[in-house]
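Dear colleague,

Please find the structure below, which I am handing over to you together with my notes.

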Amino acid sequence: MIIVGGGQSGLAAARAVLAAGLRPVVLEAGAEPVGSWPDYYDNLTLFSPARFSALPDLAFDGGDPQRYPTRDEVVAYLRRYASSIDAEIRTGVRVAAVRQRPGSGYLVRTDGGDEVAAAGVIAASGSFGNPHLPALPGLGDYTGEVRHVAQYRRPDPYADKRVIVVGAGNSAVQVAHELAPIARVTLATRAPIQFVPQRIRGRDLHHWLDATGADRLPRAVLTRLIRHAAVLDTGVYRDAIARGLLNRRDMVTAFTPEGVRWPDGTSEPVDAVIFATGYRPDLGYLAALGALTADGMPAHVGGISTTHPALAYLGLEFQRSFSSNTLRGVGRDATHVATALAERLPGPRRRPGLRPRRPVRR
Ligand SMILES: Cc1cc2nc3c(=O)[nH]c(=O)nc-3n(C[C@H](O)[C@H](O)[C@H](O)COP(=O)(O)OP(=O)(O)OC[C@H]3O[C@@H](n4cnc5c(N)ncnc54)[C@H](O)[C@@H]3O)c2cc1C
């Protein structure tokens with residue numbers, strides 16, 4: 001079983017594939033199997049406490065389980081996780097294309113030109129490689145700096161600059177908030193920001209998501225309950241906006257060559273715009289196979305491809321539940337897709353958890 005991507009999703013897949021009695025081979029483009037975490041911005045701390053930031057079978061230990069780990073702690077955790085799994089992980093290998101193998105299975109071509117045969121493929125390549133920029137009037141003519149938050153690392157290059165951060169999710173608010181003391185920053189959002197309290201009745205929200213089962217609700221139910229992106233907040237962000245320390249305005253209506261135009265008709269020059277406007281699955285290597293929809297999205301139900309029987313996905317947003325694209329939730333989905341693929345693949349398999357038996361001497 002080839003697993004494309006060695007982040008938390010790929011590692012959770014490898015563990016689940018082993019448990020299902022199959023042999024995983026993880027192909028990871030980067031130098032280490034730690035996913036995109038090293039490329040997230042420097043001051044990132046998780047919104048999920050350590051206790052709710054672990055993959056199956058390995059606790060996120062090393063301190064208070066209620067603390068919010070840093071980006072670098074996640075990198076260290078994933079390193080440990082990778083070395084705890086008895087799976088072959090090939091780093092520095094980018095998958096360029098997957099095609100059907102005559103008969104059954106797939107041929108996975110790497111960008112080095114090698115081809116690897118696979119009975120099945122799990123696409124766990126995340127979305128960080130495919131940042132989404134909205135099409136906005138005039139943006140193509142704007143001459144200032146345009147970045148997606150995927151390229152943002154730290155505030156100091158923006159000191160004293162006029163900056164617009166576009167977006168209403170956690171990353172937008174966190175980045176705008178850390179820029180506010182040193183830059184002239186405005187957070188531009190289509191609607192007022194929806195805040196969700198990080199702590200409720202003395203406990204982190206993740207405790208309640210787990211205890212109430214909300215974490216495992218399917219997308220169809222959840223999207224009826226939550227209609228907008230929400231920002232987890234201990235009170236600090238809401239307070240910063242209320243006190244005018246962080247400026248929020250309704251979304252710009254257009255870009256001009258020098259800056260932006262606001263809904264009240266005024267225009268102003270702007271040095272830089274940072275779009276924290278989300279990501280799309282990074283699955284270009286499956287296009288030629290015919291596994292994607294016209295807009296590049298995976299055709300699947302619960303992570304199982306609806307176009308190819310031995311192809312599955314992991315780590316998609318809302319793949320099966322609210323927590324699918326999180327450290328705490330991806331393990332559940334991994335078990336689901338690995339079990340489904342194992343049932344579909346022909347031929348004998350090592351039985352889960354059992355070593356091959358030695359021949360009996362007579
Ligand atoms: C800013 C930010 C903060 C977040 N905070 C939290 C949090 O607090 N708690 C939480 O649980 N979740 C959080 N998440 C969500 C989620 O846990 C992370 O996005 C996580 O990195 C997703 O893991 P992944 O393995 O699915 O994808 P990634 O981490 O993106 O890993 C995908 C891997 O696939 C590799 N790859 C891509 N294409 C190919 C290819 N063609 N061939 C081979 N390899 C390939 C990449 O190199 C990468 O290593 C956060 C996300 C972001 C962006």
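Predicted model: local features only at pLDDT ≥ 70, side-chain atom pairs only at ≥ 80, totals over all residues.

Residues are numbered from 1 along each chain as its sequence is written.

Asp-160 sits in the loop between E8 and E9, where the names refer to DSSP runs numbered from the N terminus, helices being H or I runs of at least four residues and strands being E runs of at least two. Although Asp-160 is not a glycine, its phi is positive, at about 65°. Arg-201, another residue other than glycine, also has a positive phi, near 45°, and is placed in the loop between strand E12 (199-200) and strand E13 (203-204). Arg-201 counts as exposed because it has 7 C-beta neighbours inside 10 Å.

**The parallel sheet**

Strands of a sheet pair through backbone hydrogen bonds, either parallel or antiparallel. In this model, five strands make an open sheet with parallel pairing, in the order E8-E19-E9-E10-E15, and two strands are said to pair if DSSP finds at least two bridges between them. Strand E8 (145-148) and strand E15 (247-250) are at the edges with a single partner strand each, so one side of each has no neighbour in the sheet. On average, neighbouring strands of this sheet are turned by 25° against each other, direction ignored.

E8 and strand E19 (residues 272-275) run parallel and are joined by four bridges, and Glu-145 has Ala-272 as its bridge partner in E19. Further along, E9 and E10 pair in the parallel sense over five bridges, with Thr-186 in E10 as the bridge partner of Ile-164. E10 is largely enclosed by the rest of the structure, because five of its six residues are buried. Helix H3 (residues 170-179) lies across strand E9 (162-166), strand E10 (184-189) and E19, and runs at about 160° to E10; such angles run from 0 to 180 degrees between N-to-C directions, and the axes are lines fitted to C-alpha atoms, for helices over the stretch in contact.

**The antiparallel sheet**

Three strands, in the order E16-E17-E18, form an open sheet with antiparallel pairing. Strand E17 (residues 259-261) is joined to E18 by three bridges, and the bridge partner of Gly-259 in E18 is Pro-269.

What is the distance between the end C-alpha atoms of H1? They are 17 Å apart, which agrees with the 16 Å that its 12 residues should span at 1.5 Å a residue, the expected span being 1.5 Å times one less than the number of residues. H1 is mostly covered, with 10 of its 12 residues buried, and these buried residues pack against strand E1 (2-4), E2, helix H2 (71-84), strand E7 (121-123) and helix H7 (330-344).

Ala-334 belongs to helix H7 and is buried, with 31 other C-beta atoms within 10 Å. Leaving out residues up to four places away in sequence, Ala-334 touches Ala-12, Ala-13, Arg-15, Ala-16 and Leu-314, where contact means that the two C-beta atoms, placed from the backbone, lie within 7 Å. The C-alpha atoms of Ala-334 and Val-17 are separated by 8.0 Å, although these residues are 317 residues apart along the chain.

H1 also supplies the largest share of the shell around the ligand, namely three residues. Of the 35 residues around the ligand, Gly-5, Gly-7, Gly-35, Gly-126 and Gly-315 come nearest, a residue being near if its C-beta atom, placed from the backbone, lies within 6 Å.

With best wishes

Note on methods
Buried ≥ 20, exposed ≤ 12 C-beta atoms within 10 Å, placed from the backbone.
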